[in-house]
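Q: Hey, could you walk me through this one? I'm new to it.
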Amino acid sequence: SSQNVVPTPVKINLINMLSETGLQVIEATSFVSPKWVPQMADHTEVMQGITKLPGVSYPVLTPNLKGFQAAVAAGAQEVSIFGAASELFTKKNINCSIEESLERFDEVMTAARAASIPVRGYVSCVLGCPYEGKISPAKVAEVSKKMYSMGCYEISLGDTIGIGTPGSMKEMLTAVMKEVPVGALAVHCHDTYGQALANILVALQMGVSVVDASVAGLGGCPYAQGASGNVATEDLVYMLNGLGIQTGVDLQKLMDTGTFICNALNRRTNSKVSQACCRL
Amino acid sequence: QESQASGLPEYIKIVEVGPRDGLQNERVIVPTDIKIELINRLSKTGLPAIEATSFVSSKWVPQMADHKEVMRGIERHPGVEYPVLTPNLQGFHAAVAAGATEVSVFGAASETFSKMNINCSIEESIERFEEVAKSARNMNIPVRGYVSCALGCPYEGNVIPAKVAEVSKRLYSMGCYEISLGDTIGVGTPGSMKRMLEAVMKEIPMSALAVHCHDTYGQALANILTAIQMGVAVVDSSVAGLGGCPYAKGASGNVATEDVIYMLNGLGINTGVNLCKVMETGNFICTALNKTTNSKVALASFSTGAI
């Protein structure tokens with residue numbers, strides 16, 4: 001969601017540098033129509049241009065069967081689908097109801113199963129919605145359960161507008177963990193209100209062991225102009241290192257990658273660890 | 001109810017350090033009338049304690065040279081404390097003459113930091129503080145003790161929890177009613193916070209402990225959460241996250257009061273503080289300093305038009 005459209009070679013270099021840091025999963029691109037998401041129009045070139053390291057996964061977003069087929073043709077070996085715990089958000093975002101979106105995903109699931117391609121499910125707005133406001137944990141659990149039952153190997157629970165706190169994170173996870181085993185759960189926290197690391201800490205304390213993050217905290221919040229979005233991978237790894245939790249990620253290489261992309265985008269990093277270490 | 005069920009404190013006291021720690025570490029020297037207005041606005045937010053100024057020599061800390069005028073100029077709201085820093089007996093006397101009714105002393109868990117910061121050993125600094133504590137006791141003036149470098153030192157690097165516990169115990173034994181444990185350079189993580197608190201809690205009752213976390217590495221809220229999960233119920237913070245880090249140029253320093261309160265509200269913990277009023281105060285001081293807030297809550301709220 002960066003403002004400028006990033007040139008394809010820069011994207012490819014970014015992914016290649018990330019591949020060298022020890023990260024095991026790098027979400028490479030999105031096979032959504034360039035009419036909707038122009039920044040991802042070069043999805044085929046990116047997919048074909050990156051160096052795929054053994055042991056590293058390069059999942060791509062596929063909103064429907066058409067996108068899935070294009071992704072597979074371009075060499076994708078893992079895909080993701082995006083659901084939401086809010087009807088209004090689903091309507092505004094992909095112009096259909098939650099139920100209708102799940103029907104579309106079912107087509108993707110069937111095709112993916114046939115091709116032995118793992119599918120990751122995202123649930124947006126798990127701790128609040130920019131349109132509906134409060135979201136009930138039961139609703140998050142319901143959507144997560146449906147996506148898990150459809151065959152998603154993992155459900156990434158997204159605090160899309162970063163509004164959650166350790167209190168609401170705990171409540172939501174308690175509800176979801178009744179329906180989906182904790183080993184299949186991930187958290188995707190946004191740092192719009194500065195709560196991301198505290199929310200992630202609570203999730204870890206409850207047994208979650210998969211965390212989404214973005215190098216240099218790339219990606220602002222489309223619902224609050226000027227506000228921050230994704231949590232910075234550097235800051236997350238710094239915390240996990242301090243907790244003695246293994247990630248396999250080299251923090252210095254990660255910071256170097258952050259430096260590269262920030263220079264390429266001519267912007268400051270959103271990572272406080274980077275700012276403290278490198279004066280960037 | 002929610003906080004009780006999770007074993008967290010029902011109420012957390014926020015100690016606002018913006019006017020002192022915050023402004024002292026901002027590049028711009030703030031005019032006296034702005035300082036006074038800042039403190040007056042903070043007094044109306046429900047904050048129970050506002051660190052007003054520092055009675056340290058203006059030769060060392062020019063930003064706090066107007067300590068007397070500030071102390072005399074502010075409105076003193078009932079139920080709100082206005083502690084001031086007093087590095088020695090001379091500062092203490094000046095503070096009391098200017099109307100101070102609570103003071104703070106600043107120790108450190110690192111010898112090198114103590115030497116570089118106040119040009120003496122930890123032991124020598126403790127002796128100075130003992131003089132302050134003795135006078136304060138005679139005048140029934142409460143003394144708060146700070147321990148800097150509790151989770152790491154810009155010079156020594158690693159700081160051992162046992163050292164933090166030792167210095168804390170010295171300050172507590174001399175009569176400090178509360179010990180604020182400071183992650184001065186923000187290097188700590190929930191891991192090191194836990195280990196340090198475990199060591200300190202062997203020597204000092206939890207109810208006498210506070211945490212003063214810097215957000216230089218983005219760890220402050222996670223560290224504060226860890227501390228309150230262990231029972232700590234006093235948290236220092238700075239409106240708009242005022243006050244950068246003097247040891248890492250351009251890096252952030254104090255954690256933003258707005259972001260702390262947002263988290264505590266979400267946890268169902270009572271603070272008595274009105275978040276909107278704090279955000280408005282943050283907006284005031286940032287406009288006066290011509291800078292962007294360091295509070296993510298304020299940034300997000302202003303962007304969405306919530307404020």
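Q: How many salt bridges are there across the interface of chain B and chain A?
A: The rule finds 2 salt bridges there, each a side-chain nitrogen of Lys or Arg within 4 Å of a carboxyl oxygen of Asp or Glu. One of them links B:Lys296 with A:Asp191, with the closest N and O atoms 2.6 Å apart. Bear in mind this is a predicted model, where local features need pLDDT of at least 70, side-chain atom pairs count only at pLDDT 80 or more, and totals for chains, interfaces and linings use all residues. Residues are numbered from 1 along each chain as its sequence is written, chains are lettered from A in the order written, and side-chain values use heavy atoms, leaving out hydrogens and water.

Q: Which helix of chain B gives the most to the side that touches chain A?
A: Helix 13, with 7 residues; helices are DSSP runs (H or I, at least four residues) numbered from the N terminus. Contact means heavy atoms within 4.5 Å, and 37 residues of chain B and 35 residues of chain A take part.

Q: What area is buried between chain B and chain A?
A: About 2,600 Å², with carbon and sulfur atoms giving 59%. That's the accessible area (1.4 Å probe) that the two parts lose on being put together, summed over both. B:Tyr217, B:Tyr262 and B:Lys296 supply 24% of what chain B buries against chain A, more than any other three residues.

Q: New topic: what phi does B:Asn119 take?
A: A positive one of about 60°, just after helix 6 of chain B.

Key
Helices (H or I, at least four residues) and strands (E, at least two) are DSSP runs, numbered from the N terminus.
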